[in-house]
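Please read the briefing below beside the sequence and the structure.

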Amino acid sequence: MSLLRQCLRRAYTSAAAGPGAARSSPLDTVRTTLLNNKNASASAPTGTSSGDRGSPRQTPPSSPSFYTTRAVFYDQVAQLERAISTANHALRRAQLLPLPAFARESLPSMQTVWKSKEEMTADFQTKMTLSRYRKVTKLLNELNEYYRIAETAGVADISQKIYSIVSLFESAKKDAYLARGKRKPVVLDAYGRSYTVGKRKTSSARVWMIPVQQPAPPAEDSKAKAAPIPMTTILVNNIPLNEFFPLPADRERITRPLKVAGLIGKYNVFAITRGGGTTGQSGALAHGISKGIVAHEPDLEVLFRKAKLTRRDPRMVERKKTGFAKARKRYTWVKR
Amino acid sequence: MSLLSSQHRHVALALAEAGSVLRAGQYRTAVTRAAPAQKQSQSIGGVKRGRKEKWEKKMNQERAQRNRDIPKFTRYPESKLQIPKTKERPAILPEVFQPGSGHSLDLPLFGPSTLTAKSVGQATSFGTTQTNAAKVFGLPNKMHFEYRILSTPCSVIRDVTLKAIHTLDKAKGSSSKDHRIVLHGRAGSGKSFLLHQAVQYAQAQGWVVLYIPRAVTLVNSTNSYAYDIRTQTYLQPRASYLTLDKLYKANSALLSQLTLSRELVTEKLNIPAGTTLAEVAQAGIKDKSFTSGPVVLETVLKELETQTKFPVLVAVDDFQALFHNSAYKDPFFHAIRPHHLSLPRTFLEFASGQRTLANGVFMGALTESDTAYAVPLELKDALNLESRHPVSPYDKRDQVKLGYTEGLKGLKVPERMSTNEMAGLFSVWKDDMALTTDKYDELFMSKYVESDGNPRDFVWKGLLSTLSP
């Protein structure tokens with residue numbers, strides 16, 4: 001019996017069984033078949049007899065695409081199409097398809113990253129040209145859409161099975177790719193320190209921030225003096241802030257993030273600055289401190305973004321151009 | 001623009017400065033009325049296409065540039081200048097800021113009652129009598145500038161103040177050989193202020209006080225000098241005269257109770273034994289040619305060394321300058337060494353214990369801010385001072401100067417003022433209305449962090465340099 005007939009019969013039986021019944025067979029077999037095809041060699045068909053040339057074949061070839069040039073590829077594609085069909089039927093039975101436009105728009109995005117052409121070569125045992133790749137990814141995208149619907153609806157049995165097929169074709173670099181362009185979350189180390197980097201012009205500052213240790217509360221004995229106010233100490237390249245930055249403007253720029261957050265006296269800061277001059281280094285340090293504060297107090301992220309403190313100042317020195325004395329300065333105009 | 005109109009504009013500017021805005025406005029309007037129309041450039045013999053427009057545009061730009069220098073208010077009508085922007089904040093200064101308002105800080109007096117452990121962080125004012133050491137001897141430069149801005153000369157009581165006072169109390173009655181103290185610490189940490197507080201305390205307690213607020217003036221060749229064969233040193237007649245004069249003025253009451261043990265005979269003077277030191281000093285001061293100054297000063301100091309009736313405090317600020325080769329030149333154009341100059345020699349000998357006060361203390365304070373007279377290696381060795389860069393044992397140390405550092409004890413002024421003390425300092429400037437904002441907490445905390453607890457930076461680069469609202 002052909003595979004196609006097998007599929008139809010199974011689909012029919014599962015449809016007869018109604019929604020909610022165990023529909024493990026079709027999608028699971030698709031998965032195993034995909035894996036088998038991937039690992040099997042395309043050349044040797046099963047069941048060939050090494051008998052006389054003249055005698056007819058004892059057993060039929062394993063798949064209908066045996067006599068094609070790219071058997072595994074067509075097999076895999078067929079399996080994917082089968083999976084799509086099965087998933088579609090399952091979702092229809094669960095009354096999740098057809099989905100109205102408003103529901104479709106409200107679905108959360110579940111962006112995936114498929115394997116590259118080179119990586120899919122191993123799966124399909126053939127050189128993946130662009131057209132073949134596009135064909136495959138089109139099918140995979142459709143399957144991913146069904147997964148999205150199933151996952152949002154909460155039908156775990158359908159969504160898990162679809163995912164088991166989809167995950168075979170997902171790139172290992174999926175997380176890295178999806179997180180590209182987004183800021184890496186800063187984690188505090190064992191001592192509660194944050195490590196952030198700030199930049200301005202050509203300067204960079206590596207900033208470590210640690211909460212100031214609160215002194216033990218004074219005993220009830222009234223003779224004890226009131227506890228001193230905890231104060232922030234900022235060391236830049238192991239030099240106190242006032243010695244490293246003599247200009248008041250630079251110093252104010254550095255303490256601005258702490259002032260905006262209202263956290264002066266809460267954290268101690270140690271920084272190593274490099275490159276550029278005083279303004280660049282003070283700006284870089286302020287940037288690093290802002291990021292450090294956001295790492296310690298995630299609630300302040302929105303406030304800092306509004307205050308443009310976590311923004312890396314993109315202004316850089318403009319290049320000199322030909323025909324100009326400097327970036328914008330023109331040469332003296334001579335009448336004659 | 002014609003030359004005439006430019007003259008008019010200069011006149012307008014001058015009048016505006018004098019304050020007669022109305023007339024300037026009139027002149028300005030007259031000038032604008034008389035201003036010619038936009039200059040049209042003429043070309044002789046043809047000009048390249050577009051050049052004429054470029055030239056005219058440039059001339060217009062230059063005219064705008066010239067007019068921009070003239071303040072806008074010269075073009076405003078009088079009515080606009082008279083009305084203030086808002087009714088809440090009129091354009092006139094509050095009464096307290098008006099000259100002659102008599103506003104001054106209301107602080108307790110610096111004295112034994114305010115020098116207690118409880119009053120650490122409390123600001124206290126110094127007396128303003130005519131014999132006060134600050135008035136007579138003067139002040140170090142930076143302190144002088146600060147007191148010019150403040151309404152009352154004052155300072156904050158710190159932990160180190162109590163330490164220094166305690167040292168003075170302990171040293172009372174004993175020789176200065178065991179009490180030669182040098183105040184050291186980071187630049188701007190309050191060494192000069194502490195020395196000044198010690199001088200004020202000593203004077204209040206009835207000590208004889210000799211205070212040199214700027215010892216660098218003794219070595220930077222700002223005073224006349226002359227070689228003296230008798231002492232084989234270079235005398236500084238004017239400096240000695242002035243020092244004697246100040247010593248007399250600050251301690252006349254005490255000096256009139258001390259007498260000369262040996263007669264003093266010079267070319268001009270013949271003072272018998274038994275005369276009061278006050279009279280001896282007056283005799284030296286009377287000679288306005290400064291020639292008797294050095295001799296009389298030496299005599300008075302010798303008497304103060306031997307007497308035990310009153311304790312004596314010799315306080316020298318800029319102490320490290322005495323260890324540098326001076327800016328004076330000898331006949332061979334070599335820099336004169338400090339111990340070859342009379343006054344620096346005197347203080348160096350007191351510092352090293354070669355001359356001792358039978359009842360007294362020598363106190364010096366270093367100045368880290370002077371780069372021309374930086375703290376020398378010999379002093380750093382003697383006081384075990386921290387160095388930013390590694391010090392090599394192969395660096396040359398002058399043996400004579402090292403000799404003058406023998407037995408010096410250092411008293412470190414802490415790098416950071418405690419928050420308590422800083423709060424006291426902050427309240428001084430707040431009450432003297434020097435602050436631009438009313439958000440005191442935020443200002444205090446941020447300026448403390450920015451200055452890293454350094455008092456000078458906190459005041460000058462923090463409170464007085466900020467424009468934060």
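This is a predicted model: local features need pLDDT of at least 70, side-chain atom pairs count only at pLDDT 80 or more; totals for chains, interfaces and linings use all residues.

Residues are numbered from 1 along each chain as its sequence is written, chains are lettered from A and ligands numbered from 1 in the order in which they are written, and side-chain values use heavy atoms, with hydrogens and water left out.

**Chain B as a whole**

- The secondary structure of chain B comes to 17 helices and 11 strands, where helices (H or I, at least four residues) and strands (E, at least two) are DSSP runs numbered from the N terminus.
- Of the 469 residues in chain B, 48% are buried; buried means under 20% relative accessible area, exposed means over 50%, and partly exposed lies in between, with a 1.4 Å probe and protein chains only.
- Among the contacts in chain B with a separation of 6 or more, 73% are made by residues 24 or more positions apart, a contact being heavy atoms within 4.5 Å.

**Domains of the two chains**

- Chain B is divided into domain 1 (90–155 + 417–466) and domain 2 (167–412), with bounds that come from an automatic or database domain assignment.
- The centres of domain 1 of chain B and domain 2 of chain B, taken over C-alpha atoms, are separated by 30 Å.
- Chain A is likewise given as domain 1 (2–42 + 62–178) and domain 2 (183–213 + 230–336), and the C-alpha centres of these two domains of chain A lie 50 Å apart.

**Between the domains of chain B**

- In chain B, 26 residues of domain 1 are in contact with 24 residues of domain 2.
- The area buried between domain 1 of chain B and domain 2 of chain B is about 2,200 Å², of which carbon and sulfur atoms give 61%; buried area is the accessible area (1.4 Å probe) that two parts lose on being put together, summed over both.
- One salt bridge is found across the interface of these two domains of chain B, the term standing for a side-chain nitrogen of Lys or Arg within 4 Å of a carboxyl oxygen of Asp or Glu.
- B:R186 forms a salt bridge with B:D452, and their closest N and O atoms are 3.4 Å apart.
- Between domain 1 of chain B and domain 2 of chain B there are 10 residue pairs in polar contact, both residues being at pLDDT 80 or more; a polar contact is a pair of N or O atoms within 3.5 Å, where within protein one must be able to donate a hydrogen and the other to accept it, and residues adjacent in sequence count only if both atoms are side-chain atoms.
- On the side of domain 1 of chain B that touches domain 2 of chain B, α5 (133–137), α6 (141–149), β2 (154–156) and α17 (455–463) of chain B each supply at least two residues, and α6(B) gives the most, with six residues.
- By class, that side of domain 1 of chain B has 14 nonpolar, eight polar and four charged residues; Ala, Val, Leu, Ile, Met, Phe, Trp, Tyr, Cys and Pro count as nonpolar, Asp, Glu, Lys and Arg as charged, and the others, Gly among them, as polar.

**Between chain B and chain A**

- Here 24 residues of chain B are in contact with 22 residues of chain A.
- About 2,200 Å² is buried between chain B and chain A, with carbon and sulfur atoms giving 57%, and B:M445, B:V449 and B:E450 supply 28% of the area that chain B buries against chain A, more than any other three residues.
- The count between chain B and chain A is four salt bridges, and A:E243 forms a salt bridge with B:R388, the closest N and O atoms being 2.2 Å apart.
- There are also 11 residue pairs in polar contact between chain B and chain A, both residues at pLDDT 80 or more.
- On the side of chain B that touches chain A, α3 (51–68), α16 (440–451) and α17 of chain B each supply at least two residues, the largest share, nine residues, coming from α16(B).
- By class, the side of chain B that touches chain A has five nonpolar, seven polar and 12 charged residues.

**Backbone details**

- The peptide bond from A:L97 to A:P98 is cis, with omega near -10°, and A:P98 is placed in the loop between α3 (71–93) and α4 (101–106) of chain A.
- B:Q232, although not a glycine, has a positive phi of about 55°; B:Q232 is found in the loop between β5 (226–228) and β6 (233–235) of chain B and is exposed, with a relative accessible area of 57%.
- B:D318, although not a glycine, has a positive phi of about 60°; B:D318 is placed in the loop between β9 (312–317) and α12 (342–352) of chain B and is buried, with a relative accessible area of 10%.
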